[in-house]
Amino acid sequence: MSEVLLISDDLRHAERLARGLDDPHSCLIHDLYDAGVPAVRPSLVVSDVKDLTSDAFSRLRRCIDGIHGANLPHILLVHGHAARAEMHARLIGAEPVAATAALRLLQMRIKSQPAPPPLPPATVAARRHAGEAKRFLDEVFFSDAAMTPDLADTGSELVAQAILETGIADWVRAVQRFDDVTHQHILLVAGLSAAFACSLGFNATDRHHLAKAALLHDVGKTKIPAVILNKPGRLDPEELKVMRTHAALGHAMLLNSGFDAATLTVVRSHHEMLDGSGYPDGLRAAEIPDLVRLVTISDIYAALIERRPYKSPMSGTAALAIIDDMAGRLDPVLVRAFRPVADAFDTASLGATA
């Protein structure tokens, strides 16, 4: 039997459904409210969501977007309000099926599905590295552990090695599968910066230094209230004011902890702009070091291509066009130098099926 991914907000119901199949071990159950997306390529996706609220549908859509770029068969089980469920099914390209008829239909559909092709080795490796990096963030960033240069070196090496082994495109796709916005953003910026360093011909030491600065750039967000950090919509002016304190907070967290001055400057100044319109210090032109300028470009590009609760990910081409238009705010020479990184991601993503 080929693999079935069952996405559900009721794990007991999902387990009963799986047990009714000929081979329940080939049915992977994913909790709709868990962070991230299963690292599988199933032959069939089944959405079993009893309480299809707006939030649940947004989560389901992000999950579906993350697992199939190749038109996988998708069944949405209809509980209760049939017209509403059928509308949602159309929006995500699913076939609506009454939940009461689900088991019989699944048995028939599963037997007719071919086994999925294996994932490319680079994709498997990227997902493994991304999972390790996410666990690092959970254990170090989002815990009571004190950040030290040695710990930061460990996380930076995870990212730098992933980029060397798999390239930026597979890394970005692997990280975009994470449901948590902050995890996704930190690892995107770190990976893009590591790829940027490779593109610029940096030696191993300088590549590592840039990756570390990028990995730490948003460490101050761990001090931002979760209600603001994880808000599923755009921030209002007061919330944005609080969010913008993260740069100074991160700098204060790492100060006097053994970090070099260049890394500390990246943490504090990665939102500064050449025209003085950035924050927290309103630095201008020559006051902004090159290392900061590099991370800032990766930071903005990452924010544009990543998935947020209130927006879909932008294509690499569209994101690069926006950065190109930020003349006077970003270093134009470095923006041009960033183009091979953006092109590598965008070109590979056009043919992605994972």
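The chain has 16 helices and five strands, and the model that shows them is predicted. Of its 354 residues, 50% count as buried. Among the contacts with a separation of 6 or more, 68% are between residues 24 or more positions apart.

**Helix α9**

- Helix α9 covers residues 204-216, which is 13 residues.
- The buried residues of α9 are His208, Leu210, Ala211, Lys212, Ala213, Ala214, Leu215 and Leu216.
- These buried residues pack against α5 (121-141), α6 (149-166), α8 (181-199), α12 (246-254), α13 (261-269) and α14 (290-305).

**The pair α6 and α9**

- One of the packing partners of α9 is α6. The two helices pack at an angle of about 115 degrees, and their axes are 9 Å apart.
- Angles of 65 to 115 degrees count as roughly perpendicular, and α6 and α9 are therefore roughly perpendicular to each other.
- The crossing of α6 and α9 is right-handed. On the α6 side, the contact is made by Ala152, Asp153, Gly155, Ser156, Glu157, Val159 and Leu164. On the α9 side, it is made by Arg207, His208, Ala211, Lys212, Leu215 and Leu216.
- Several of these α9 residues, including His208, Ala211 and Lys212, are also buried.

**The pair α14 and α15**

- Helix α15 consists of residues 316-324, and α14 packs with it at an angle of about 135 degrees, with the axes 9 Å apart. That angle makes α14 oblique to α15.
- The crossing in which α14 passes α15 is right-handed. From α14, the contact involves Ile297, Ile300, Tyr301, Leu304 and Ile305, and from α15 it involves Gly316, Ala319, Leu320, Ile322 and Ile323.

**His271 and its contacts**

- His271 is placed in the loop between α13 and α14.
- The side chain of His271 forms a polar contact of 3.4 Å with the side chain of His246.
- Residues up to four places away in sequence aside, His271 touches His246, Gly278, Tyr279 and Asp299.

**Backbone features in the loops**

- Most residues other than glycine have a negative phi, and most peptide bonds are trans. The residues below depart from one or the other pattern.
- The peptide bond from Tyr279 to Pro280 is cis, with omega near 10 degrees. Pro280 belongs to the loop between α13 and α14, and Tyr279 is one of the residues that His271 touches.
- Ala285 also lies in the loop between α13 and α14. Its phi is near 35 degrees, a positive value in a residue other than glycine. With a relative accessible area of 38%, Ala285 is partly exposed, because values between 20% and 50% fall in that class.
- Asn256 is located in the loop between α12 and α13. Although it is not a glycine, Asn256 has a positive phi of about 65 degrees. Its relative accessible area is 77%, and Asn256 is therefore exposed, the cut-off for that class being over 50%.

Methods
Residues are numbered from 1 along each chain as its sequence is written. This is a predicted model: local features need pLDDT of at least 70, side-chain atom pairs count only at pLDDT 80 or more; totals for chains, interfaces and linings use all residues. Side-chain values use heavy atoms; hydrogens and water are left out. Helices (H or I, at least four residues) and strands (E, at least two) are DSSP runs, numbered from the N terminus. The expected span of a helix is 1.5 Å times one less than its number of residues. Buried means under 20% relative accessible area, exposed over 50%, partly exposed in between (1.4 Å probe, protein chains only). Contact means heavy atoms within 4.5 Å. Axes are lines fitted to C-alpha atoms, for helices over the stretch in contact, and angles run from 0 to 180 degrees between N-to-C directions. Angles under 35 degrees count as roughly parallel, over 145 as roughly antiparallel, 65 to 115 as roughly perpendicular and the rest as oblique. A crossing is left-handed if the near helix is turned anticlockwise from the far one by less than a right angle, and right-handed if clockwise. A polar contact is a pair of N or O atoms within 3.5 Å; within protein, one must be able to donate a hydrogen and the other to accept it, and residues adjacent in sequence count only if both atoms are side-chain atoms.
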